[in-house]
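Reader: Before I rely on the words used for this model, I would like to go through them one at a time. Please show me the value behind each term and how the conclusion is drawn.

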Amino acid sequence: MNRTRKWMAAILLLCLGGKMAAQSPLTGETPEAYNQRMEWFGKAKLGIFIHWGIYAVKGVSESWSFYNDYLPYDEYMKQQKGFNAGKYNPKEWVELIKESGAKYTVITTKHHDGFALWNTKAGNLSAVKSSPAKRDLLTPFVDEVHRQGLRLGLYYSLLDWSREDYPNKTKTTKRYDIRQDPARWQSFCKFNLSQMKELNTAYKPDLYWFDGDWEQSAEDWKSKEIVELLRSTNPEVIINSRIQGYGDYATPEQGVPVVRPKDKYWELCYTMNDSWGYQHTDTNYKTPQMLLRSFVDCLSMGGNMLLDIGPKADGTIPAPQVEILKEFGRWTSKHKEAIYETRAGIPAEHFHGGYTTLNTTGDILYLYIPNRPNGPLELKGICNKVNRVWVVGDGAMLNYKVYNKLYWSSVPGIVYIDLPEQNQDEQITVVAVLLDGPIKLYRGEGQVISVN
């Protein structure tokens, strides 16, 4: 993952102000066709990211540990000898991912170190050829993802710091300049396209999660050719934004957006602790409640969360990560009606108690309450009549009352909702408010009596 890059200001295929550009620069794709292709992604809401590779042996930062000169390259690559995947059980992995409530998963087929999890014919660094695992680790995972009905995403690093024909190796070591040695660069591009063709032919994923694009331009990467190659045999595939202007959705990293992103489709990629891959010294795990709060924050702004796990070198998932995924599963199973068929909620000033979303037709407002309320919940500026209020996943009907609705004023009254303690979820309570039609909000500054 790139910790420092800034997002591209112009993402040609993404939405601007909630509206899609009239046509794709590649295919002449209409907004309707684009939205249809993106439909499953917009409804998925939760995905699980998997960073798994040789970096789990020593528990060091994936690829960056040698790039930033924290660890000699040769020492880093020696980890291949300890990557045995001896307890790897892809069936258990996918069962746990599905239990969490995730609808898709993205696995690192190859990080910036060049070590591939599949039996690539284009290079020699792989679980099959250069580790004691001696087998293809990607294919059985893909088979399980398909068997258990999840959507498949493949992470692929455009750059490869191990390749002799790639210009950069570390932040202080550069092999060559692509302008001065274009033939060498074309050799790398041929290799890159070969690996991507292998993945696309063998697995036909639903999504590609590219990374590493910041080191070269879109023209040098041949981004247009890459997307055309992938869509030539996999036309419905979704591609993330990290391919410089040829992606379908934005990927903010680690920091939850404070305001709703301009892109119609977006996904927050987020770690459970402070690391993407397994690091035995990193015990700084967020609590399930913290992670769920970030998740519903994404929901409230119309986005997805791609929550990361980092398996150990033997293929086992660390116990704290398992516990978090299981708690996500308990919560998402209980509140599924307020997750998968929702869209972004209302402005925060209308409900100060937490986060909100709306159902697709806009006549059910969902309130997410992460704290124990000190008194009734308060909704203001709702022009609609409230028909009923209930606790999602609990079924309890809640008492509510409207105050300060004056006959002479256009300003709506304030809705107060009682939420008994016995009906509150141990993590985040969800309350549904059924309205008499699609929501209408009062966005004025209040009103005073006028005397004529």
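Reader: What makes K134 count as buried or exposed?

Author: This is a predicted model, and in it K134 has a relative accessibility of 57%. The word exposed is used over 50%, so K134 counts as exposed. K134 lies in the loop between β4 (104-110) and α7 (138-147).

Reader: What is to be noted about the phi of K134?

Author: Phi of K134 is near 55°, which is a positive value in a residue other than glycine. Most residues other than glycine have a negative phi. S63 is another residue of this kind, with a positive phi near 65°, and S63 is found in the loop between α3 (55-58) and α4 (64-67).

Reader: Is S63 then buried or exposed?

Author: S63 has a relative accessibility of 0%, and buried means under 20%, so S63 counts as buried.

Reader: Why is S275 called buried, and where is its place?

Author: The relative accessible area of S275 is 6%, and the limit for buried is under 20%, so S275 is placed among buried residues. Its place is in the loop between β8 (267-270) and α11 (288-300).

Reader: How do you know that the side chain of S275 makes a polar contact, and which residues does S275 touch?

Author: The side chains of S275 and D282 make a polar contact at 2.6 Å, and the cut-off for such a pair of N or O atoms is within 3.5 Å, so the value meets the distance condition. When residues up to four places away in sequence are not counted, S275 touches D282 and D308.

Reader: Which strands form the open sheet of five, and what makes two of them edge strands?

Author: The order in this open sheet is β10-β11-β12-β17-β14, and the pairing is antiparallel. Since β10 (342-344) and β14 (386-391) each have a single partner strand, one side of each is left without a neighbour in the sheet, and they stand at the edges. From one strand to the next, the twist averages 30°.

Reader: What joins β12 to β17?

Author: Six bridges join β12 to β17 (residues 429-435), and the two strands run antiparallel; the bridge partner of L367 in β17 is V431.

Reader: Why is β12 called mostly covered, and which residues lie on its two faces?

Author: Six of the six residues of β12 (residues 364-369) are buried. In a regular strand the side chains alternate between the two faces of the sheet. For β12, I364, Y366 and Y368 are on one side and L365, L367 and I369 on the other, and as these are all buried, both faces are covered.

Reader: How many residues does the largest nonpolar core have, and where do they come from?

Author: The largest nonpolar core has 98 residues, and those with the most contacts inside it are F141, F210 and Y368. Helix α8 (residues 182-203) gives the most to this core, with seven residues, and the core draws at least three residues from each of domain 1 (32-338) and domain 2 (342-435). A second, separate core has 21 residues, including L367, I382, V386 and A396.

Reader: Which residues is F141 in contact with?

Author: Leaving aside neighbours within four places in sequence, F141 is in contact with I50, Y88, P90, W93, V94, I97, T105, I107 and L152.

Key: Residues are numbered from 1 along each chain as its sequence is written. This is a predicted model: local features need pLDDT of at least 70, side-chain atom pairs count only at pLDDT 80 or more; totals for chains, interfaces and linings use all residues. Side-chain values use heavy atoms; hydrogens and water are left out. A nonpolar core is a set of buried Ala, Val, Leu, Ile, Met, Phe, Trp, Tyr and Cys residues joined through side-chain atoms within 4.5 Å. Buried means under 20% relative accessible area, exposed over 50%, partly exposed in between (1.4 Å probe, protein chains only). Helices (H or I, at least four residues) and strands (E, at least two) are DSSP runs, numbered from the N terminus. Domain bounds come from an automatic or database domain assignment. Contact means heavy atoms within 4.5 Å. Two strands pair if DSSP finds at least two bridges between them. A polar contact is a pair of N or O atoms within 3.5 Å; within protein, one must be able to donate a hydrogen and the other to accept it, and residues adjacent in sequence count only if both atoms are side-chain atoms. Axes are lines fitted to C-alpha atoms, for helices over the stretch in contact, and angles run from 0 to 180 degrees between N-to-C directions.
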